[in-house]
Amino acid sequence: MEGILSIQSSVAYGHAGNSAAVFPLQRLGFEVWPVMTVLFSNHTGYGSWGGRSVDIEWVREVIQGIEERGAFATCRAVLSGYLGAPESGQVVLDAVERVRRASIDSIYTCDPVMGDQGRGFFVRAGIPEFFRDRAVPAAHIVTPNQFELAYLAGRSISNLAEAVEAASLIRKSGPEIVVVTSLELPGERDTLGILAHTAEASWLVQTPRLPLDMHGTGDAFTALYLASYLKQRDARSSLEHASSAMYGLVAATHRADSHELLLIEAQDQLVSPGRIFAATQVV
């Protein structure tokens, strides 16, 4: 079976990092080999947590063990998210290179987790620079939020045109697809924008905005987009499916008044969203 090597954080309680990404990838038909960069009791957004970053050599050993099983020959993609430490970044890029040698059609999807609107940076020093200078240029797909997009492009973003321009700058550094997972557009208080930008065109999906007092939404969205893209190889249709599935998941979580995504209870939304949102070409 074709697989995905997913290198990111993990929590025991709730859904964030691999704890938010693995099940959607599996539900959409992929084998997943999760490698943890951080093992926490829960998302740090709660204010207190237990656990720690995983020793870098342990991460290397786990990846090497997966490679020794021959898994890289059937690996369709490497996915990375929250790293925990800048040193983890080199381990990710080493794995990407080894997977590409074993599976020439594989792709690297980078979720440059480092900050958010209103909160600023929440990662260790050196991680934002690693994403900007090394990981993003090496990726096929990158999935920043609006705050991360602005940092990576080195400019402020206040409207759709500026978001497209920033995405274009990032794409020219290396990746083929830039997906902005959350855009707050002027005059659109009740909607959330999700943008996919390629060399050919840019597409925008807008969904109703729901209160997001929950964690792991970006991690789950990136997993949904990657799985959809591996199946379809189409940036637009992948955007539509991932946005629709994510809306269904968040809506179910909101109705239940939960702080954690209802990945299990609402799993049918991952495959067959109850409401489909069409993408509009903006450029």
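Start by selecting Arg 233, which is partly exposed, with a relative accessible area of 37% (buried means under 20%, exposed over 50%, partly exposed in between, using a 1.4 Å probe and protein chains only). You'll find Arg 233 in the loop between α7 (217-232) and α8 (235-255). Helices here are DSSP runs of H or I with at least four residues, strands are runs of E with at least two, and both are numbered from the N terminus. Check the backbone too: Arg 233 isn't a glycine, yet its phi is positive, about 55°. Most residues other than glycine have a negative phi.

A quick word on what you're looking at: this is a predicted model, where local features need pLDDT of at least 70 and side-chain atom pairs count only at pLDDT 80 or more, while totals for chains, interfaces and linings use all residues. Residues are numbered from 1 along each chain as its sequence is written, and side-chain values use heavy atoms, leaving out hydrogens and water.

Next, follow α8 onward and select Asp 257, in the loop between α8 and α9 (268-271). Buried or exposed, what is Asp 257? Asp 257 is exposed, at 70% relative accessibility. Asp 257 also has a positive phi of about 55° without being a glycine.

Now zoom out and colour by secondary structure: the chain has nine helices and 12 strands. Its C-alpha trace spans about 50 × 40 × 40 Å along the principal axes.
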